[in-house]
Amino acid sequence: MTGGGLAPETDHPADRRPVLEMTGIRKSFGGVHALRGIDFSVRPGEIHALLGENGAGKSTLMNIMCGALSDYHGQMRLEGQVVRFSSPHAAQKAGVATVFQELDLVPGLPVADNLSLGREPTRRLLFLDGRRMRRTAERALAVVGASIPARTTVSALRLGEQQIVAIAKALTAEARILILDEPTAALSAHEVELLFDLMRGLRESGVGIVFISHRLDEVAKVADRVTVMRDGRVVAVLPGSTTPEDLVPLLTGRPARDMFPARTTVRDRVCLRTTDFGYRLRRPSASWREPTGVSLTVREGEIVGLVGLLGSGRTELLQAICGAAPPGRTLGTVEINGRTVRLNSIISGQRQGIGFVPDDRRRDGLVPTRDVAQNLALSSLSRLSTAGFVRRGRQREAVRWAFEAFGIKASTPAAPILSLSGGNQQKVLIGRALLREPHLLLLDEPTRGVDVAAKADIYRLVRSLAAQGLAVLVASSELPELAGWCDRLVVLRDGRVVVDVAPDTDPALVLASAGSATPPDTSPQERP
Amino acid sequence: MTTETTQTVADLAPPSVRLRRRLPALDILVRFQSLLGLVLVLVGGLVFSPRRHGTVLFLTVDNLANIVRAVSETGIIAVGMTFVIIAGGIDLSVGAVLGLSGVTVATLMVTHGWGTVAAIVVVLIAGLLFGLVQGAVSTVMRIQAFVVTLAGLQVASGLARMVSGDKFININYGHGHGLAPPSFAVLGDRLFGNVIPVSAVVFVLVGAVASVALNGTRFGQHVFAVGGNERAARLSGINVRRVKIITFGLCGLAAALSGVLDAGQLSFANPNSGTGYELTAIASVVIGGTSLFGGEGTVVGTIAGALLLGTLNNILQLNNVNADLQLIVTGLIIVAAAVLQNVAARRRAT
């Protein structure tokens, strides 16, 4: 291990011998070196957070640990024995359990059936032994301390409960290592707490946990050790208590503030004003947090950040403003450029000059069967065509503008969209919204799964458009990003605006008002 | 260190690297699978064709005209089906709509004394509406297209029997009661020195218009987007419902046109005509490289797929291969086409 920035390893839980030890792991795909010599170890009874931006090599390392990749260089030892897993199944048998982000549960089957999937107990060689299956399930659920009835169908469970069932399924009797791949990504704050309790309980029983996450605040809360990866290397191994502020520069490779462009002048004209705005779904859903009594403004040239924990209603608020929400009823008023508007569909929102970039790129943004240029032009085809015929020349020009403005890196505009990196895919989607020349741009988690360089590009581009008068409302789960990028922050909690603050406000205070730790001890304060 | 690196590249490059070099050829194969298949089948036709007095029967004008005639009906339907499938749907009603349209156009002329143009236009509009209604039921009430059009199949074939009294309707040409206008007979003619069947000309026109509509228009782009990722299409401001409904309308229109041609070519209308055409049409679309998952496909591929199936059947018939074996061969070709597509899709995913 060479290279600077390597912090000394701390002597955390009692210097126990690592249960899993990886040394000099290297792996390349084609000409791309994904891992350039990784040392990584997990001790029994520790929660070891693995951090890294997208493309840092986290997933590759995880795939090697869990047996999904078997052709790599270097050595992996499990309890001293050199191992090389040929499949995830082999890894699980050896004691390395993995819970992938995509839970491998069958939604239509009961919990019990899921827990013995593939090794169902039978009577007389043929008939399912339901009773034994339920008993096994109850035992497995007891291990993770969950009070979930084994007969419940998985699809009827909340996401957090499903996550716990998935953990129970992965944790066979011989499990000594548990790998959790971004387990909190889709959980509510309360569910995250339950998951952490479960993780702490497992730690007590001696299981070594590898915790992969993007949420730096969570890491500080639960991890004993943190390994930070960047560009296929380990850049630091730190104690779990390391603060997000100290982690960010390690993750990105540069001081946090260099990422963000200088702020520009905010104009006086208000572009978006909501007054006591709310949205009631026609069919209420537990997973959709209805915005309630939201009053906020976004001025021309202003970038406003929506802060809030998962489940605070950030996404829902953006959807309701732009007309993308499920069918329902609007309460209060929305004004765009001083005119009260009724937005009941994406199309009506677009007509009012609202551009929206959803958070889930794969699900809601990309059309995988179309090329880069076609994906870019998707929202603005009417501007690019005459009498229904798409004008090739105009389309080419628009695509070229987007390529230059964003620095989209694609071999050609005709390249398949999925061949692009996450960052470039995101640039394409933002470009798609911008090609309509909106007055107001709504961005939901615009940098999720985006590499550092592309993040900086996105910050810069959106800022330069704001300088020309674009109003931007951006939701993100990363407070440092919003603090560095935005002109003003609006904190949401339970679908309501709780405070409206300047971006340089003490992060602890902002997080507190978002409800992450202690309840807010300050009354909501208004800033111009 | 340096030696190690060299070794990595030389010996231990993952298989994907070595594979990648071969991929362009595979890409071309998949892209033009139906055209290549068609060429293969045509060559096979020449080789295996029976000869009589030194002439290759396969190549005679009559035989080729027969192929094109037969293909044009399922082919036109398949072109309409291409839109539906690219948008992520399916239409099982087309064969029955063909039968219904045939007996309707015949009844209008023979029993009700309508003129050719009026009868054809009304039937085409009816086919369009039939498709639009199916599309509307499917999208607005959120019922799978498979189910809605399966019901549509039953409804259309029931209507066809009602209209015809469950009998063949003979179309005799002339002026007066019980006769169809002679101009309708044009549909069974051959043009350009008695060589090219009218139905073939119609087929080519339909294909050309459809190809331009799919690739050159806003609507076509929307069809691809809706089939490729419906949620993304909606969030991009595309009226997803409208796009889907229109594809069903176009497909119904194509089926009605086929029904009119069928009646014109045969000079009689059979309420059971078109039975099973939906499957031939879907097969043509799949062989043509269009994914049943939606989002990609070409009209040219579909046309080639339809010609491939028609030519293959013709060759087998010329060689007196029995009809059962023809079905088996068709089935195998469909599987082969699907496998090739799968390979291509997997490649794209990585």
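Does A:Asp104 count as buried, exposed or partly exposed, and how many C-beta neighbours lie inside 10 Å?

1. A:Asp104 counts as partly exposed because it has 13 C-beta neighbours inside 10 Å. By definition, a residue is buried if 20 or more other C-beta atoms, placed from the backbone, lie within 10 Å of its own, exposed if 12 or fewer, and partly exposed in between. A:Asp104 belongs to the loop between strand 6 (96-99) and helix 3 (111-115) of chain A; helices (H or I, at least four residues) and strands (E, at least two) are DSSP runs numbered from the N terminus. The C-alpha atoms of A:Asp104 and A:Gln163 are 9.8 Å apart in space, and the two are 59 residues apart in sequence.

2. The model is predicted: local features need pLDDT of at least 70 and side-chain atom pairs count only at pLDDT 80 or more, while totals for chains, interfaces and linings use all residues. Residues are numbered from 1 along each chain as its sequence is written, and chains are lettered from A and ligands numbered from 1 in the order in which they are written.

3. In chain A, A:Glu182 has a positive phi, near 40°, and is not a glycine. The loop between strand 9 (177-181) and helix 6 (189-204) of chain A holds A:Glu182, which is partly exposed, with 16 other C-beta atoms within 10 Å.

4. The contact between the chains takes 30 residues from chain A and 24 residues from chain B, contact being C-beta atoms, placed from the backbone, within 7 Å. On the side of chain A that touches chain B, strand 1 (20-29), helix 10 (346-351), helix 11 (361-365) and strand 20 (389-390) each supply at least two residues. That side of chain A divides into 15 nonpolar, 10 polar and 5 charged residues. Here Ala, Val, Leu, Ile, Met, Phe, Trp, Tyr, Cys and Pro count as nonpolar, Asp, Glu, Lys and Arg as charged, and the others, Gly among them, as polar.

5. Helix 13 (residues 299-318) of chain B has 20 residues and, at 1.5 Å a residue, should span 28 Å, in agreement with the 28 Å between its end C-alpha atoms; the expected span is 1.5 Å times one less than the number of residues. Of its 20 residues, 17 are buried, so helix 13 of chain B is largely enclosed by the rest of the structure.

6. B:Asn320 follows helix 13 of chain B and is found in the loop between helix 13 and helix 14 (323-349). B:Asn320 has a positive phi of about 55° although it is not a glycine, and B:Asn320 is exposed, with 7 other C-beta atoms within 10 Å.

How values were computed:
Two residues are in contact if their C-beta atoms, placed from the backbone, lie within 7 Å.
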